[in-house]
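Here is a short briefing to read with the model open beside you. Take it one topic at a time and look up each residue as you go.

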Amino acid sequence: MQPRTLIQHSKGRTSRQAHRDIGELRDDELTREGFDGREAVLYRRSDPTAFKATGRFRSTSVLASDIEPSDMTDPRGGPQRLYYNQDATVWLTRRSESMPFIVRNVDGDECWFIHEGSGRVETEFGPLDFEPGDYVVIPKAISHRWVITEGPITALGIETVGELRAPTYVGLGRHAPFDPDVVRVPEPEVVDNYDSPVEVRVKYDGEFSTLLLEGHPFDVEGWKGDYFPFAFNIRDWNVIMSDSLHLPPSMHVFLVAEGINIINLLPRPFESIEGVERIPWYHRNADYDEIVLIHGGDSLGRPMKKGLLSHDPQGIHHGFPQRARDKSRREWDQHKRINWQLIMVEAKRPLRLDPVLASPAEADA
C-alpha cells in the first residue's frame, strides 16, 4: 500500500469531525485496505443497508446450530466447509466424539475458535486443553487429534495457505493487546499405550491419504524452537480503546496470514465524549469480505444472537440497524459498556459459499 497522505476534501453538509455530532444524517464510511487505506465518509439521509439483493452479491447469515457437519454424528466424519477462496477455507466442526485417528494437514495452518464444548487437542508437542473462548492454533504439518470431553463442540476453523502470525502492533509495545506469557504452549506427554499400527490421515493438495505407523507420533520427549501449536483465550485480550472515537476492527487484529485477518471485538467501556457515534457506522469495505461469529454478549442491554454467522461481501453496505443507533443516542446515560463478543475474519479475495449455504444459482456461479 502507498503511504497515506493528509489530502482531504469536504463538500456539502458534513460534521466537523468524522463520526461525531452527525445529527439526523446517516454516517456511511467507504474504505480501502480494510480501514488502513483511503476513505470517504458520506452523510446520507436514508439507511444505506435498506435494500433487497439478488445474485451472489448479497449478505448472508446462518446459525451454527442449523449446520450439521458429518463429524456431528460420525466419529470418522469431518467438519463442514462454509466459505473459501485461494487464501483460506472457513470450516465449522460440531464433533461429538473424539477422533479415532490422527490428522496431519500439509495444506496449511489451522486456527480454531471454540464457541461451545471442551476437551483437548493431542499433538506431537504435547496436549492443549480447550474451553469456550479459546483459540487453538495448529501450524501446518503438525500431527494432532481432537479429544472431546464435553460435546458436541462447536468451533469455527480458519485454514490458511499462508503462515499465521501475530501482526506488528506499531507503537503499542510487546504486551498490547496481549502479553505473550498468556499464550499456552504444550508440555511433552509421551503416549505409551496404543495399538499398532497408528492411523494418520494426511491432507495433501485437498485430498486425504492414510499412513499406518508402527510407532506413535506422540512419542516426543522434548521440543524447542519457535514453531509450535498454541492456545489463547479471549478473556486475556487487552481491548484498545478511545474515549472520543469508535475504533475500527483493524485495531483489534489477533492473527494474520496472506489475505486474511482474524479479529477480536470484545467487551469494553462505551465512548463517553458527548456526540460520539458509539455504534459502528454504516460501512462498505471496498477490499475485504467480512465474516462474523457472534460468540455471545449483549449490545445496549439486548442479548446478541449467539452462534449467528454472517458474511458481508466487499463493497456491500452493512452495519447495525438504524434503530440501534437511535437507541444509543436516546439512552446515552443508561449504557456504560458494550458487552459484545464477536470473532471476525477479513478476507482480501472474494469468498465463495459452500453449497450448504448457497442457493443453487450461487453454487453454480
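D205 lies in the loop between β11 and β12, in a model that is predicted, where local features need pLDDT of at least 70, side-chain atom pairs count only at pLDDT 80 or more, and totals for chains, interfaces and linings use all residues. Residues are numbered from 1 along each chain as its sequence is written, and side-chain values use heavy atoms, with hydrogens and water left out. Strands here are DSSP runs of E with at least two residues, helices are runs of H or I with at least four residues, and both are numbered from the N terminus.

- D205 has a positive phi of about 55° although it is not a glycine.
- For comparison, most residues other than glycine have a negative phi, and most peptide bonds are trans.
- Is D205 buried or exposed? D205 is exposed, with a relative accessible area of 63%; exposed means over 50% relative accessible area, buried under 20%, and partly exposed in between, using a 1.4 Å probe and protein chains only.
- The turn that holds D205 belongs to a hairpin of β11 and β12, with two residues between the strands.
- β11 (residues 198–204) and β12 (residues 207–213) run antiparallel and are joined by seven bridges; two strands count as paired if DSSP finds at least two bridges between them.
- Within this pair, K203 stands opposite F208 in β12.
- β11 also runs parallel to strand β6 (residues 102–105), with four bridges joining the two.

**Another positive phi, at L300**

- L300 is not a glycine either, yet has a positive phi of about 55°.
- Look for L300 in the loop between β19 (298–299) and β20 (302–303).
- L300 counts as buried, at 5% relative accessibility.

**Cis peptide bonds**

- G151 and P152 are joined by a cis peptide bond, with omega about 0°.
- P152 sits in strand β10 (residues 144–160).
- S196 and P197 are also joined by a cis peptide bond, with omega about 5°.
- P197 is in the loop between β10 and β11.

**The enclosed strand β15**

- How many of the six residues of strand β15 (residues 260–265) are buried? Six of the six are, so β15 is largely enclosed by the rest of the structure.
- In a regular strand the side chains alternate between the two faces of the sheet.
- In β15, I260, I262 and N264 point one way while N261, I263 and L265 point the other way, and all are buried.
- Strand β14 (residues 253–257) pairs with β15 in the antiparallel sense over four bridges.
- V253 has I263 as its bridge partner in β15.
- The two strands β14 and β15 form a hairpin with two residues between them, and G259 in the turn has a positive phi of about 80°.
- β15 also pairs with strand β23 (residues 341–347), in the antiparallel sense and over six bridges.
- In that pairing, I263 stands opposite M344 in β23.

- H295 is part of strand β18 (residues 289–296).
- With a relative accessible area of 8%, H295 is buried.
- Which residues does H295 touch, leaving aside its neighbours within four places in sequence? H295 is in contact with F113, I114, H115, P132, G133, I234, K306 and Q341, where contact means heavy atoms within 4.5 Å.

**The chain as a whole**

- The protein chain has two helices and 24 strands.
- Its radius of gyration is 22 Å, close to the 21 Å that the globule rule gives for 365 residues, so the protein chain is as compact as a globular protein of that length; the radius is taken over C-alpha atoms, and the rule is 2.2 Å times the number of residues to the power 0.38.
- The C-alpha trace of the protein chain spans about 75 × 50 × 40 Å along its principal axes.
- Of the 365 residues, 50% count as buried.
- Among contacts between residues at least 6 apart in sequence, 74% join residues at least 24 apart.
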